[in-house]
Amino acid sequence: MMDLHSELILEEYRENLPVFERMKEEVVSKLTSALARNGLIVTAIEARVKTEDSLAGKLALKGQKYATLEDITDVLGARVITFYTDDVDRIAAIAEKLFDVDWENSVDKRRLHQLDSFGYNSLHYICRLPGYNFRFELQLRTTLQHAWAAINHDNGYKTGVEIPREYLRQMNRLAGMLELADDEFSRIRTEINDYRRRVQQLVQNGKLDDVLLDGDTFRSFLQARPFDALNKRIAAINQAEIQDVPLIRYLRVLKALQCNTLGDVKRLIVKYEDDAYRLARHQLGTTDLDIISSSVGIQNICIVCILDIGGGTMGLERFFNVVNGESSQNAALAQLTFEQASNLPFMQKKK
Amino acid sequence: MTTTIQENGKQLIAFFEGRLDTAAAIPTAEAVKPLMEAENKEIILDCSKLEYISSSGLRIFLSIRKDAATHGSKVLVRSINADIRQVFVMTGFISLFEIE
């Protein structure tokens, strides 16, 4: 049976439940907005108000430790689960600005371990929202730390002391492995970011032959809008407006056309832009279509290149299937495009 | 030119029939207004009976796509004939739409 002191705290809890619910909404909302403003993508932001049963259980165990409900700091618990271990520290810095941190009661469990031990890694801040008396607990951990903690919690042991030694050893082995994996994910992310910066530098300096063609490098190249001049020439045929569209889907085609570096892509543009324009003039010149997308330039460059290297209608059909999706109409479209292109100078020379 | 809209659970299907040319553009734009305001829907532009599309028609399709994106909806163009597919390719509109 519960003692009077604990009953009073439970009564206080019931009276203040709406306050904790409001705090919960506010904490989640503040964290969500702040992370979005800082461009941080996380696995989850979650929060819960302790149930009455759970609080009663806590009070039954150590009720005398708390004078009032205000002394219990985890009635509201919030948690941010990150992808990367570096992000835990970045989010901690954001939380320090959003909330008043009670440093005396906050714990960085990542720093508690001895040199020869592994286990639960998480950053716990005890915080206060401006305008509220109650504190709440904010846990920051990585997805891997969260998985470890959740599985460890599922074993039914409340404290490390209760766990059989062999099981504890195995869980700690896993914790060590996950810590290593967390560090590796962070290291890989740093290396990818360094690579992207190096690529941008090379693209900006025009050293395109030094840059291998891949998704990252092609995106950097597209930022310089290399097809704009051709698109504007094509738009001028019917005084058309141009709608921007992502061109990343052409990467696969460019690779198939033996473009291994951005320099190869640049040379492809220079070599085929006039024929690509002539093809557009042939197609659009007899219509009143005065709206085009920014993919027309690269599309026509690929078409004339395929025809120039002898790909024929089969090559065009494969191209349409890759870029625009499989369709039974693509064979007829390839045939029609082939006929439209047959009057272009480079096709005439082939005859 | 007629435009009919049917709601089917999460889907909103617009059936276009006839020639979507400059003359038909104004009534068609009016007819597709419910698509522009739909929240979190899958909008299907059924073109199985659409014979022709002009720039004005392409602009209507583009407006539907833009409004859908701001309302969390997704647009799919279904069953375009060979001539319309050619228009979509020549103009590069084929890159703007998911086509079934």
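Trainee: What covers the buried residues of α12(A)?
Mentor: The cover includes α9 (262-284), α10 (296-308), α11 (312-324) and α13 (345-350) of chain A, together with α4 (82-91) of chain B. Please note that this is a predicted model, in which local features need pLDDT of at least 70 and side-chain atom pairs count only at pLDDT 80 or more, while totals for chains, interfaces and linings use all residues. Residues are numbered from 1 along each chain as its sequence is written, and chains are lettered from A and ligands numbered from 1 in the order in which they are written.

Trainee: Which residues of α12(A) are buried?
Mentor: They are A:Asn330, A:Leu333, A:Ala334, A:Thr337, A:Phe338 and A:Ala341. Because they cover an arc of only 140° around the axis, they lie on the same side of α12(A); the arc is that of the directions from the helix axis to the C-beta atoms. A residue is buried if 20 or more other C-beta atoms lie within 10 Å of its own, exposed if 12 or fewer, and partly exposed in between, with C-beta atoms placed from the backbone.

Trainee: How many helices and strands does chain A have?
Mentor: Chain A has 13 helices and eight strands. Helices (H or I, at least four residues) and strands (E, at least two) are DSSP runs, numbered from the N terminus. Of the 351 residues in chain A, 30% are buried.

Trainee: Where does A:Leu138 lie?
Mentor: A:Leu138 is part of strand β6 (residues 135-142) of chain A. It counts as buried because it has 25 C-beta neighbours inside 10 Å. Leaving aside residues up to four places away in sequence, A:Leu138 touches A:Ala78, A:Ala95, A:Tyr125 and A:Cys127. Two residues are in contact if their C-beta atoms, placed from the backbone, lie within 7 Å.

Trainee: Turning to the contact between the chains, how many residues does it take from each?
Mentor: The contact takes 20 residues from chain A and 17 residues from chain B. On the side of chain B that touches chain A, α3 (55-70) and α4 of chain B are the elements that give two or more residues. The most come from α4(B), with seven residues.

Trainee: And how confident is the predictor?
Mentor: The complex has an ipTM of 0.86 and a pTM of 0.68 from the predictor. Chain B has a mean pLDDT of 92, and 100% of its residues reach 70 or more; pLDDT is the predictor's confidence in each residue, from 0 to 100.

Trainee: In what order do the strands of the open sheet in chain B run?
Mentor: The order of the five strands is β1-β2-β3-β4-β5 (chain B), with mixed pairing. β1 (2-8) and β5 (98-99) of chain B stand at the edges, each with a single partner strand, so one side of each has no neighbour in the sheet. Two strands pair if DSSP finds at least two bridges between them. Strands β2 (residues 11-20) and β3 (residues 42-53) of chain B run parallel and are joined by nine bridges.

Trainee: Which residue in β3(B) is the bridge partner of B:Arg19?
Mentor: The partner is B:Tyr52.

Trainee: One last topic: is A:Arg225 buried or exposed?
Mentor: A:Arg225 counts as exposed, because it has 12 C-beta neighbours inside 10 Å. It lies in the loop between α6 (215-223) and α7 (228-237) of chain A. Most residues other than glycine have a negative phi.
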